[in-house]
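Please work through the exercises below with the sequence and the structure at hand.

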Amino acid sequence: MGFLIGVVLSYLSAQQLALFGAGQFIVKLLGIATVRELGPVLAAILVAGRSGSSITAQIGVMRVTQELDAMQVMGISHGQRLILPRVIALAIAMPLLVLWTDALALLGGMIAAKLELGLSMQWFFSQLPDAVGITNYKITLIKGVTFGIWIALIACHFGLRIEPNTESLGRGTTASVVTAITGVILIDALYAILFNAMGI
Amino acid sequence: MESPIIEVDNLTTAFGTHVVHQDLNLNIYPKEILALVGGSGSGKTTLLRQILGLDRPRAGVVRVFGRPVHDYVGTERVALTHRWGMLFQAGALFSALPVFDNIALPLREVHNLPEDLIRDVVLMRLSWMGMSERDAALMPSDLSGGMIKRVALARALALDPELLFLDEPTAGLDPQRSDEFVELIRVLHRELGFTVVMVTHDLDTIAALSTRVAVLAEKKVLVEGTLEEVMKVKHPFLDAFFHGERAVRAFGVSNLKEQHHGKS
C-alpha cells in the first residue's frame, strides 16, 4: 500500500515537475510528503482498520461472554489488564510500522522517478538525507506514537461500551474504526498547525 | 439469628422504563444455601448482579458484609472481591488463557504469592473438581460444558471465599453431570462452610441443595423460607412451579399425593 502510494505520488509529481524542468526536486517533495505526512497517516489508517477493529471486537466479545463481569467480580481492573497493555503495545508498534511505510513509499517513489524522469536510484538515495532532514524523522516517530495511543484508546473505549448482543458488537466495531480514522486525520491537522507555529 | 451477610434493602432496579425490582427486600445469612427462584425475566440474575455491584440500583441499597456494596472502592473493593467467588452461567472463563492460568489468575492478582504456592493451590482446586494436571493445559474452547462449569467453580473457589454465587449452576448439563455437580457443591459446602446464593430453575438442584428458598415474582421476593414452607404458599406461579408435572417427577410421590388431595 505504502509502496503504491509512493509510486502514484512520484509519478504524478514527476510529470508536473518535468514541465518546469525541475525534476530533481522530486526527492525533496516526495521525501517530506511521505515522511512527514503520508507515512504516519497511511499506517495509522491501516492499523485502525486492522488492529483497532480487532481490539474492539475482542473486548466486545469479552462483554458477551461475561469475561468483563468476571474480571470485575474478581477485582481485576479493566484499565490495568485490558487497556494499558494494548496502549503500550500500539505505542511501540505504531512508530515502527510508520517507518516501514515511509521506507516502502520512498522505494516506490524512487522506482517511479527512475522510470519517469530517468533519475538514478543511487542519486535519489544519496540526496534523501539532505532533502528530508532529521526533524522530519522525529516528526514521523512522534506522530506514530500519538496515533498508536489514540487508536488503542478509542478501540478499548468502544470495546468496553459494547452491550452483550451481536448487533451492538457490529455497531461498536464500525464506530471504533470510523472514530479512530477521523481522529487520526484531526490530530494530524493539529500537528500541522503546531509544527507550523513552532517553525519546523 | 446471626446477623445477615447480605442485606438487600428496598431495592429498585429498572432499565429505562422497565422496572425489574420494586422495593425488594432480602437477607442472606452465613452458611446457608439460598436458592433464588423465579420465572424467566423475574430479575434473578439482575439481583445477583446488584449484589455483586455490577449494576447500580435505581433506589435502595445492597449491603455486603455490613457495608453498601458500592462503598467499596479501590483497594477495599479488591479486598472484598477476595471474599467472594462467582460462577457465571456460561462459565465466563478467560478464553485467551489455559485452564491453569484461569484458576491462577485470582491468586496472581493477590500480589507476592510465590509461584509454587499458586501451583499447589490450583492443582488442589482441580483435584476437588475431579480433574487432573493434564487438564490444566487445555484451553477453555477445548472443554465440554460440564468441565467449563467445574473449572469456573474452581476459579470461583481459588481464594477460599466466604460467599459463593452460582448463576444457574446446573443449566446446560445432562442429568448425570448435573447430579454430580450438585453433589460436588454440597460436599464443598460441608467441608468449607461458605455461604451460597444460587439462581436456578432446576427443581432437583433446589431440593438437593438449598436450605432456604426465596421466590422472586411481581418485582419482589414473594415468599422466603424452607422448601416445605414455600411449597405450602398458594400463588399461581408457585403452583405452576412447585406443583407442576416436572415438580411431581422431581419431588416424588409425597408431593403427588398432596396435589391430588388438593384437587379433590
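The exercises concern confidence, fold and the contact between chains.

This is a predicted model, in which local features need pLDDT of at least 70, side-chain atom pairs count only at pLDDT 80 or more, and totals for chains, interfaces and linings use all residues. Residues are numbered from 1 along each chain as its sequence is written, while chains are lettered from A and ligands numbered from 1 in the order in which they are written.

**Exercise 1.** Decide whether the radius of gyration of chain B agrees with that of a compact globule.

*Solution.* Take the radius over C-alpha atoms and apply the globule rule, 2.2 Å times the number of residues to the power 0.38. Because chain B has 264 residues, the rule gives a value near 18 Å; chain B has 19 Å, which agrees. The C-alpha trace spans about 65 × 40 × 35 Å along its principal axes.

**Exercise 2.** Describe the contact between chain A and chain B.

*Solution.* Count residues in contact (C-beta atoms, placed from the backbone, within 7 Å): chain B gives 14 residues and chain A gives ten. Then sort the residues of chain B: nine are nonpolar, three polar and two charged. In this scheme Ala, Val, Leu, Ile, Met, Phe, Trp, Tyr, Cys and Pro count as nonpolar, Asp, Glu, Lys and Arg as charged, and the others, Gly among them, as polar.

Methods: Contact = placed C-beta atoms within 7 Å.
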